Every structure is written in C-alpha cells, then in structure tokens.
Amino acid sequence: MSAGREAAATRAPSARVRRFRSELRGLSLGLACLAAAGCRSSGGPDERRLERGMVVAEHPIAAEVGAAILERGGNAADAAVATALALAVVYPQAGNLGGGGFAVWCSNGGESLALDFRETAPRAADAARLFDDEGRPLADLLLWSPLGVGVPGSPAGLHELFRRCGSGRIAWSELCAPGIELARHGFRVDAHLARALRDPDDRARLERSAGARQLFYPGGEPLREGDVLVQRELAATLSAYAERGPSAFYGGETARAIVAELDAAAAALPEGERWDAGWISLEDLRGYGPKWREPIVARWRGREIVTMPPPSSGGIVLVQTLRTLEALGVDGGGGRAPAAAGFDARAVHSTIETLRLAFRDRAERMGDPDFLASPLDDLVSDEWVERAVARIGERAAEGEEPATPAREGSSTTHVSVVDRDGNAVALTTTLNSTFGSGMLVRGAGFLLNDELDDFALGGGIANQFGLVGGEANAIRPGKRPLSSMTPTILRRGPHVELVLGSPGGPRIITAVIEVLLRAVVHRESLESAVAAPRFHQQWSPRPTQFEPGWPAALLDELRARGHAIETRERRWASVQAIEVRPDGGVEGASDPRTGGASAATRWR
Ligand code: DON
C-alpha cells in the first residue's frame with residue numbers, strides 16, 4: 001500500500017455497516033445495505049497495479065489536466081479535483097465554482113465514501129413568498145433568478161475531497177494551478193460552448209447579467225469557435241482559493257461580490273416581482289459546509305454498487321431498479337445467454353414499471369435526509385424489491401400521474417477517474433440549468449447556480465425537469481434540494497470494475513441504469529453500452545421517452561402492453577465511464593452524444 005493510500009485509510013472513520021439479507025423467490029439477492037462511511041468489502045486490497053490511470057470528462061482539456069495530475073503521482077481524488085476546477089474554466093455551461101455536487105470515492109481495498117457538497121437553501125428562503133396573492137406559483141422565480149440560487153457547495157466540497165482522500169503527494173495549490181492558467185491565459189472556445197452561447201434562450205438569460213454579457217458577448221456578439229476566452233476575474237478568484245482554500249470563497253471579497261450581485265439582480269427584477277435583496281447573506285456563505293454521507297452499498301449480480309445516498313435520489317432509484325429486475329429475472333441475465341438477450345420488450349416493460357414505482361417514491365418520500373423524520377432504509381430494502389416484484393404484471397399498471405411538461409437544461413457534468421493503485425472517484429457537479437442562473441458574479445468571474453428549482457413546490461407543480469414532489473422536498477432554510485445526480489462505482493470484491501455518472505436531470509438515473517445493464521448483464525462493450533439508444537421513465541408524466549434507434553416492433557409490443565410511448569429526436573444525458581478489466585486493463589468511454597474525452601496516463 002502506498003503512503004497516500006495508507007494516509008487516506010487512516011483518516012476513515014470506523015466502520016458501521018448495516019446489512020440486510022434475505023431470500024427472494026429462491027434467488028439470493030444478497031445484501032442491500034446503507035453502509036457506513038468507511039464500509040469495507042471482504043477480500044483485502046487489490047494487489048494489482050492497473051495498466052494505466054484514466055480520467056473521463058466532458059472536455060478534453062479538463063481530462064488532460066486530470067491525467068497530468070495522475071502522472072505526477074496524484075491519486076484519483078487529486079485528479080478529480082483538478083479536472084473539476086479545469087471544467088469550471090473551460091466548460092462554463094456546467095463546470096463551476098458557483099454550483100455544487102456529489103462525489104463517491106472507493107479506495108483500493110474497499111473503503112467507500114460519499115461526499116455531499118450540494119447547494120443549500122439560504123436562511124431567508126421562504127416558500128410562501130413563491131406564490132402570488134391568489135396562491136398561484138411564481139415557479140420561474142426559482143429558475144434563472146436571484147431567488148433560485150443555492151449557497152454554492154463546490155469550493156468547499158472539492159477542497160474536502162482533496163483533504164480527506166487526496167494522496168498527500170500533490171499540494172492544493174498545484175491542483176488549482178491548471179485552472180488558474182487556463183483562466184489567466186485563455187483557451188480556445190470549442191464548438192459546444194460556441195453553440196450554447198448562440199442558443200437564443202441561453203443568450204437572453206446570459207445577456208441579462210452584465211458580467212456574463214461582457215465575458216461571453218464581447219462587442220455584442222457571442223464568442224465563436226476558436227476564439228480565445230480569457231477570464232481574469234476568475235483567475236484571481238481561483239488564485240485566492242489556491243492560496244487560502246475555501247475561506248477565500250466563503251468570506252472576504254468573493255463572498256461580498258456574490259451577495260452584491262444577487263442583491264442587484266433582485267432589485268432589477270421586473271415590476272411586480274422586484275425584491276429588496278437576494279436571499280443569500282454573508283452568514284449563509286460563512287456557514288456552508290460539505291457533508292460526508294453513508295454511501296449506499298448494495299449487492300447486485302455478484303458485485304457491490306457503491307452510489308450516492310440522499311439528498312440524491314439517484315442511488316436509491318438505481319438500486320431499486322437493478323435489484324427488482326434481477327429478482328424478476330428479466331434484465332437480460334436470468335439464465336439466458338446474456339449477450340443475446342439484450343433489451344427485449346419484456347425487459348423494457350419491467351424496467352418502465354419498476355421506474356414508475358421508484359420515481360413515485362422519489363416524488364413522495366425523498367428529500368434532504370437531515371430534514372426527514374423517518375430514515376430512508378426501507379427504500380433500499382429487500383422488502384421494497386419484494387413489493388415491487390409482486391406489483392409488476394405483464395401489462396402496464398394503470399395510474400393517474402400528473403401531467404407535467406418538462407423544460408430541459410444541460411448544466412451538469414461528470415468526471416470519472418481511476419488511478420494506477422486502483423482507487424476511483426465518480427464526481428458529478430452542476431449549475432442546474434445551462435449556465436445556471438446565467439448570473440455571473442462581477443469581480444469574481446463565475447456563474448451562479450439556480451439549484452433551488454430542484455425543490456418541490458407541491459400541488460403537482462413541476463420543476464424544469466417535469467419532476468413533482470411534496471413536503472419531503474419542500475424548500476426550507478438550510479435544506480438541500482433533492483437531486484438526480486448518480487455518481488456510481490461498481491466493485492467486484494476489492495476491485496473497482498466500473499466508474500460512471502452523467503448529466504441529464506432525472507435522465508441521469510435511467511442513463512446510468514441502462515449503461516450498467518448493458519455493460520454488466522448484456523456484456524456489451526463499455527463504448528457500445530454508452531452509445532446505445534436510451535429510454536426514460538420518471539412516473540410523471542406517464543409516457544416513456546425513447547431516443548431514436550429502437551426497433552418499431554419493440555415499441556409496438558410495449559404499446560400493446562398498455563404503455564404510452566413518446567419517441568424523441570433529441571438524445572440526452574452524457575455518460576462518462578471507465579471500465580477496469582480483470583487483467584488490470586483500463587478503458588474509458590465518453591458519451592458520443594456530447595463529444596467528451598478520456599485521457600490516460602502515458603507513463604507506466
Ligand atoms: O441535481 C439535479 O438533479 C439537477 N440539478 C441536475 C441538472 C442536470 O443534470 C442538467 N443537466 N443536464
């Protein structure tokens with residue numbers, strides 16, 4: 001064991017693992033446990049040195065930044081942090097300082113941890129003020145508005161990941177340095193950023209912010225592909241963060257700049273919606289802290305899924321769905337030749353039905369665990385699976401899901417990393433909508449999130465992803481909104497086998513489920529599993545959406561079973577994944593939908 005790993009292991013808390021075992025229909029589902037931080041699987045450390053370390057991310061420059069950290073002796077946590085900070089510069093649509101996220105860490109040998117650096121509702125947040133005098137929701141106040149901004153979590157979270165899981169061989173300032181250089185000297189705008197800046201809706205939002213207008217629309221025109229984007233204010237903010245850590249962000253100049261920007265934006269809201277000040281105060285910023293959570297660790301097909309617990313809904317829905325399909329024997333495994341089975345109509349039908357049950361629970365029961373009266377253990381229990389199995393028939397169940405159209409943003413991004421010692425990080429970070437709230441903090445150079453739209457207003461009122469919810473996810477001061485981000489690591493014994501995650505709002509969850517089914521059960525190559533067409537179901541609205549590429553006969557069979565089918569031209573989500581083969585070989589797959597990249601270490 002290297003000094004770095006030893007250091008990380010000694011910092012882990014003692015294990016407190018709860019395990020549930022049961023037999024279900026003669027199938028041993030094994031344990032599904034909400035395992036304590038510091039959970040250890042049997043088998044001891046993996047003695048292999050992997051063929052190479054790897055970083056997969058949605059921007060090639062950021063992936064290279066991470067791989068360079070691995071080459072210099074950093075571990076997976078070091079590389080994930082440096083990659084995320086580079087994304088905050090070169091991928092402003094989603095990479096961020098002004099947002100938040102989650103990270104799942106698995107060390108070689110079985111330690112697993114989950115870090116929650118989700119944004120938090122400020123103390124002044126007041127749900128009652130989000131309705132007009134007639135009780136109509138002012139739902140758009142939570143989107144692209146100063147009132148939708150949650151207290152940012154990324155600066156504290158990334159530093160915490162470094163502090164607890166980093167190798168100790170690379171200094172904090174070295175992890176920040178590539179981002180600072182990219183901000184100070186500029187980088188070439190790629191086709192994705194240029195396209196996003198031309199999008200009429202995104203442009204209208206960004207141009208409302210003086211800071212964003214000046215940075216992205218110099219001379220009144222959007223930056224074009226190939227232009228060099230220099231971000232001096234962001235470089236200064238990152239430099240202070242490199243020198244003084246999170247306190248440089250949550251106090252002093254940067255904190256004052258955030259509050260001033262929000263106050264000015266609140267005062268500039270249209271007549272009738274004007275507020276005296278934004279909701280976020282200096283006290284909110286000073287009080288922000290990331291939280292270590294017990295990762296969900298669940299047994300599935302001879303492996304352990306290590307994934308994100310609440311305030312993400314992703315891990316729960318993922319585990320519920322995969323384990324129910326396994327119990328039903330319809331995931332393409334169940335005794336049949338896996339590669340031949342694939343997604344037949346029965347498998348898709350069963351997946352849709354399970355997702356309807358799981359997403360209904362998401363809407364009604366899930367939220368920030370620090371604000372819920374009862375624990376969420378039942379949702380990842382064998383009993384949940386048993387009930388689901390009993391309820392799923394050959395036809396689509398009747399239902400009265402509220403009709404909730406969705407708007408869609410694309411402002412989340414995922415980074416997967418493995419290092420040559422076999423440690424892994426899955427890190428997903430978000431601004432929520434594309435470019436978040438669109439508000440750039442003048443004097444500090446970064447965009448702010450609009451994450452409070454992930455809270456539920458109740459009464460069937462949907463958020464931008466068409467998600468509904470009630471009291472469990474109601475907005476409250478100090479509370480974290482329910483998320484769909486699903487950073488996930490699959491382990492076999494002590495060996496990390498797969499690392500993955502995605503942007504895509506609720507489609508993150510179904511994208512991760514489908515890639516896992518294809519890669520593990522159907523034994524498709526990772527590349528093909530990531531590229532394959534997807535389907536998505538989230539209880540409300542009722543129709544299941546299908547990307548192009550599904551056979552018409554399969555869709556007809558689903559209709560015959562009573563499913564509402566919606567075929568879509570636009571593809572979704574952007575899975576960033578790594579597979580570690582039993583022989584120590586490492587493969588990355590960056591979703592072809594978004595043109596991301598993987599970067600591997602060149603040194604052996
Ligand atoms: O945390 C969540 O679930 C959302 N804020 C994620 C938004 C998202 O993935 C949009 N990007 N594609």
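Analyst: This is a predicted model. Start with Arg 118: an N or O atom in the Arg 118 side chain is 3.0 Å from an oxygen atom of the ligand. A pair of N or O atoms within 3.5 Å is read as a polar contact.

User: What is the distance from Thr 412 to an oxygen atom of the ligand?

Analyst: A polar atom in the side chain of Thr 412 is 2.6 Å away from a ligand oxygen atom. The backbone can take part as well: Gly 505 places a backbone N or O atom 2.7 Å from an oxygen atom of the ligand.

User: How much of the accessible area of the ligand does the protein cover?

Analyst: On its own the ligand has 340 Å² of accessible area, and the protein covers 98% of that.

User: Which residues come nearest to the ligand?

Analyst: The ligand has 17 residues around it, and the nearest are Thr 412, Glu 451, Asp 454, Ser 483 and Ser 484. Sorted by class, the shell holds 10 polar, four nonpolar and three charged residues.

User: Which strands each supply at least two residues of the shell?

Analyst: Those are β12 (411-418) and β13 (424-432). Across the protein there are 21 strands and 19 helices.

User: How many residues does the protein have, and what share is buried?

Analyst: The protein has 604 residues, 65% of them buried. Buried here means under 20% relative accessible area. As for contacts with a separation of 6 or more, 74% join residues 24 or more positions apart.

User: What share of the accessible surface belongs to carbon and sulfur atoms?

Analyst: Carbon and sulfur atoms account for 49% of the protein's accessible surface of about 21000 Å².

Methods. Residues numbered from 1 in each chain as written. Predicted model: local features only at pLDDT ≥ 70, side-chain atom pairs only at ≥ 80, totals over all residues. Heavy atoms only, no water. Near = heavy atom within 4 Å. Polar contact = N/O pair within 3.5 Å; in protein donor to acceptor, adjacent residues only side chain to side chain. Areas by Shrake-Rupley, 256 points an atom, 1.4 Å probe, with all protein chains shown as cover. Helix = DSSP H or I, 4+ residues; strand = E, 2+ residues; numbered from the N terminus. Nonpolar A, V, L, I, M, F, W, Y, C, P; charged D, E, K, R; others polar. Buried < 20%, exposed > 50% of the residue type's maximum accessible area, 1.4 Å probe, protein only. Contact = heavy atoms within 4.5 Å.
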